[in-house]
Amino acid sequence: MKDWYQMNEEELLKYLDASRDGLSSKQVRERINKYGENKLEESKKDSIFMIFIKQFADLLVVILLIAAIISLFTKDVKSAGVIIAVLILNATLGTWQSVVANKSLDALKAMSSPHVKVKRDGNIHQLASKEIVPGDVVLLEAGDMICADARLIDEASLQVNESALTGESLPIDKKVDVISKASLADRINMVYSGTLVTAGRGEAIVVATGMQSELGKIATLMNDTKAKRTPLQKTIDRFSKRLAIGILLISAIVLALQLYRGTPLMEALLFAVALAVAAIPEALGSIITIVQAMGMRKMAEEQAIVKELSAVETLGSVSVICSDKTGTLTQNKMTVADVYLDHERIDPNNLSLEKKIHRRFLYACVLANDASIVEGEGIGDPTEYALIDMYHHVKGIRHPQSGHLLSEGMVRDLLPRIDEVPFDSERKLMSTRHNMKGKMTIFTKGAVDVLLNRCKSILTSEGVRAITKEDIEAIMKMNHSFSNDGLRVLAFAYKESKEKLTLSSENGYTFIGLVSLIDPPRHSALEAVAQAKAAGIRTVMITGDHKDTAVAIGKKIGLFSEGDKAVTGEELDEMSDETLAREIATISVYARVSPQHKIRIVEAWQKSGQIVSMTGDGVNDAPALKKADIGVAMGITGTEVSKDAASMILADDHFATIIKAVRNGRVIYDNIKNAILFLLSGNLSAILCVLMTSLLSLPLPFYAVQLLFINLVTDSLPALAIGVEPGHEVMNRKPRDPHASLMDKVFIKTMIIQALLLFVFVMSSYYVGLSSSFAHASSMAFLTLTLARLFHGLNSRGKESLYRLGLKNKYCFYAIGVGIVLVLGVSLTDYGRMLFKVERLSYMQWGAVILFALLPTILIQLYRLIREYQS
């Protein structure tokens with residue numbers, strides 16, 4: 001079967017069993033049953049209860065549940081209650097993080113027009129868009145949102161804005177003629193669901209509705225596209241599994257050892273519970289969530305609204321940014337770049353109505369033009385109101401009566417339009433006729449090659465003279481120069497004539513000049529791309545625009561360099577996955593692409609081991625935004641679809657905001673890693689203490705409830721304070737390897753050394769307490785470990801000494817202060833001592849506790865100062 005755009009009207013009507021008078025009521029009923037309503041389907045989502053239950057599908061959680069059950073059997077109800085409360089709290093936080101409503105399909109449905117004019121049974125009806133079926137004849141006019149994919153059978157100067165679907169920044173001129181094979185953006189005899197009629201009128205036969213439309217295919221892609229887990233989530237998952245297996249093995253060995261020595265079963269099990277509680281960083285998940293949430297808040301203050309907590313960390317590891325051009329790197333607003341008059345290239349800011357040739361050119365721009373600017377908003381075709389905007393910035397001449405500067409409205413009032421021949425995509429011209437001081441004058445604008453062939457003279461600063469071969473060559477050379485720079489070019493001409501304006505009178509012109517237009521890059525894009533490059537991040541442009549235009553923009557903003565390649569969607573279709581994998585590192589620009597192409601490009605980068613961010617603002621960007629590791633949508637120009645599919649929204653639409661977000665992401669990852677190091681080094685020291693007392697057949701240094709107090713209360717405060725540490729030169733390094741383990745050799749070495757220091761001084765305190773009693777030994781060990789871990793939070797702010805880190809992070813000192821108050825509450829109040837099994841200590845014992853708690857931090861800081869002094 002031919003594609004719809006390759007069929008003529010007769011073939012189309014026959015295949016769809018339709019007529020130009022519309023479907024009958026019987027046909028409509030049959031097709032509703034066959035094709036269903038014209039709406040998009042939603043994918044099933046987990047209930048909140050199921051999301052909550054899934055939070056318990058983790059080995060560490062299972063171990064803690066077993067520990068709680070054992071505590072109940074040993075009649076340690078307090079410990080069991082605390083463990084269960086912790087698990088419920090963590091599950092609640094995880095559920096809150098996961099319940100981010102995916103409204104992408106709702107937004108896609110909302111893009112369809114609620115009502116549409118349809119021919120049925122020979123009459124015109126206004127129906128809800130969901131009632132449209134294949135074969136319906138729909139009537140289109142300016143302002144209509146198209147509700148289904150349809151093949152045009154009639155049109156009059158019809159223009160459709162398809163930027164949300166194809167990325168093409170300009171409205172598309174539509175025609176009914178059959179065309180050969182073409183990409184989505186070039187099927188000019190088709191109209192698509194979710195696009196907007198900007199000018200003219202037309203009739204079209206519906207060929208696809210609902211999920212079968214191009215918009216529906218995008219919805220299907222979004223349903224089929226699974227959100228990827230972030231690098232940190234993967235790392236934490238791997239770490240949690242290894243930690244859980246390690247805990248189970250060690251606990252089993254210790255349990256067997258205790259039973260071999262003749263320890264009663266329940267006592268041995270209680271010991272295993274203490275070891276498991278000491279090993280598991282219970283607050284780790286909550287702390288990561290809270291640190292990410294704080295990072296999310298900071299990003300929002302910098303105009304980057306992050307919808308998913310996990311995306312905060314992912315930003316820090318982004319190595320490739322696949323950016324849409326229109327509205328992202330560019331302003332999505334046509335602007336006059338240069339003017340060519342009297343063989344001179346002129347900056348539009350240097351035009352003046354006081355110069356005759358300039359005035360004639362500006363009158364042509366204003367009069368052969370249907371657009372206007374009202375209260376700063378352009379109304380009409382973007383190219384035409386770009387010409388009006390240029391006129392607004394020209395040094396003007398005064399109105400002869402009022403003395404005011406001549407606005408475009410005044411020019412049109414003084415020189416009213418008498419006749420016109422509207423723009424036509426076939427002849428590529430627009431003409432208007434005006435009475436200028438008693439002389440009937442025709443102004444025409446259009447394609448350079450078409451209009452130049454109709455000119456017999458040329459306007460110069462010295463007057464009108466016959467156009468020569470050299471003139472034409474110079475004009476065409478400038479046209480090629482503009483085109484090579486990715487600019488759109490229009491030519492202007494005029495003639496004085498009393499004849500009525502018709503198609504046949506569009507000749508014998510005097511050439512005025514050329515104007516080049518561009519959708520200009522955002523002012524901040526150049527600097528942002530340079531910053532990304534310095535941070536080891538590759539920026540790639542993906543657009544529905546033409547290749548030359550995309551390459552020109554790419555060069556202007558610095559993402560397309562010597563040796564880089566530009567590829568079109570058709571060329572991409574011809575490339576195998578293996579070829580694309582080989583070439584992808586050299587391709588900086590993709591032009592004339594479809595939504596499927598965007599997903600393929602993102603996947604190709606991901607397969608090469610990169611963490612990919614995709615930015616965009618249109619419907620066509622939504623599947624790729626969801627497929628990418630981090631999708632970034634534009635908040636101002638972005639469609640609701642792109643916003644809902646993305647993980648992050650730029651409130652100011654500035655590409656540069658992405659770089660700020662990347663910096664924050666890197667800082668947050670560093671802080672999370674430092675917080676994990678802080679928690680694990682402390683937990684390892686507790687494990688070593690438990691194991692040593694086991695080997696020496698001594699009483700446990702800690703009760704399970706004491707370890708939970710340390711892990712959940714006093715450890716959480718410094719860990720959260722570490723989470724808001726300011727960054728230290730994070731943008732001067734390449735993105736981290738997403739496959740690199742969180743616990744690399746440096747991490748493990750640092751963790752072991754810090755844990756050994758804590759272990760040595762905690763056990764020293766334990767032995768001091770043994771001289772009084774086992775109860776005092778346990779209390780001193782507990783209080784020393786608690787305070788030592790609070791002070792250790794200062795070491796975990798970074799790799800530098802406190803002298804270099806400074807006092808910028810005041811929250812670390814607040815955390816230590818609050819932690820000390822909590823420790824005093826546990827150790828100095830009757831209820832605290834009863835709940836956490838702490839004995840009263842003498843002044844000498846308190847002195848030993850404080851000294852042993854401070855020594856690990858003092859030694860670590862002395863080592864760092866010596867190392868910095870030597871370097």
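Two strands pair if DSSP finds at least two bridges between them. By that rule, strand 4 (residues 149-161) and strand 7 (residues 196-208) pair in the antiparallel sense over 10 bridges. Helices (H or I, at least four residues) and strands (E, at least two) are DSSP runs, numbered from the N terminus. The model is predicted: local features need pLDDT of at least 70, side-chain atom pairs count only at pLDDT 80 or more, and totals for chains, interfaces and linings use all residues. Residues are numbered from 1 along each chain as its sequence is written, and side-chain values use heavy atoms, with hydrogens and water left out.

**Overall make-up**

- The chain's secondary structure comes to 34 helices and 26 strands.
- Of its 871 residues, 55% count as buried. Buried means under 20% relative accessible area, exposed over 50%, and partly exposed in between (1.4 Å probe, protein chains only).
- The accessible surface of the chain comes to about 38200 Å². Carbon and sulfur atoms hold 57% of that surface. Areas come from the Shrake-Rupley method with a 1.4 Å probe; for residues, only the protein chains shown count as cover.
- Among contacts in the chain with a separation of 6 or more, 70% join residues 24 or more positions apart. Contact means heavy atoms within 4.5 Å.

**Strand 4 and its partners**

- In the pairing with strand 7, A156 has R201 as its bridge partner.
- Strand 6 (residues 190-191) runs antiparallel to strand 4, joined by 2 bridges. Here A150 is partnered by V191.
- Strand 5 (residues 172-173) also pairs with strand 4 in the antiparallel sense, over 2 bridges. Q159 stands opposite D173 of strand 5.

**Nonpolar cores**

- A nonpolar core is a set of buried Ala, Val, Leu, Ile, Met, Phe, Trp, Tyr and Cys residues joined through side-chain atoms within 4.5 Å.
- The largest such core has 129 residues. I475, F511, L514 and F702 touch the most other members.
- Helix 26 (residues 655-695) supplies the largest share of this core, 20 residues.
- Beyond its neighbours within four places in sequence, F702 contacts A686, C689, V690, L707, V762, S778, A781, F782 and L785.
- A second, separate core has 38 residues, including L353, Y363, Y385 and F443.

- Helix 29 (745-770) has 26 residues, which should span 38 Å at 1.5 Å a residue. Its end C-alpha atoms are 37 Å apart, which agrees. The expected span of a helix is 1.5 Å times one less than its number of residues.
- Buried residues of helix 29 include F747, M751, A755, L758, F759 and V762. The buried residues of this helix pack against helix 26, helix 30 (774-795) and helix 34 (843-870).
- Helix 30 has 22 residues and should span 32 Å; its end C-alpha atoms are 31 Å apart, which agrees.
- Helix 30 is largely enclosed by the rest of the structure, because 20 of its 22 residues are buried.
- S685 is found in helix 26. At 0% relative accessibility, S685 counts as buried. Leaving aside its neighbours within four places in sequence, S685 is in contact with A755, L758, F759 and L785.

**Salt bridges**

- A salt bridge is a side-chain nitrogen of Lys or Arg within 4 Å of a carboxyl oxygen of Asp or Glu. This rule gives a count of 32.
- R20 and E9 form a salt bridge (3.2 Å, N to O). R20 lies in the loop between helix 1 (9-16) and helix 2 (25-35) and E9 in helix 1, so the pair ties together parts 11 residues apart in sequence. R20 is partly exposed at 31%, and E9 is partly exposed at 28%.
- E9, R20, K119 and E203 are linked in a network of salt bridges.
- K500 and D419 form a salt bridge, their closest N and O atoms being 3.9 Å apart. K500 lies in the loop between strand 19 (488-496) and strand 20 (509-518), D419 in strand 14 (residues 417-424), 81 residues apart. K500 is exposed at 58% relative accessibility, whereas D419 is buried at 14%.
- R733 and D670 meet in a salt bridge (2.8 Å, N to O). R733 lies in the loop between helix 28 (716-722) and helix 29 and D670 in helix 26, so the pair ties together parts 63 residues apart in sequence. R733 counts as partly exposed at 35%, as does D670 at 21%.
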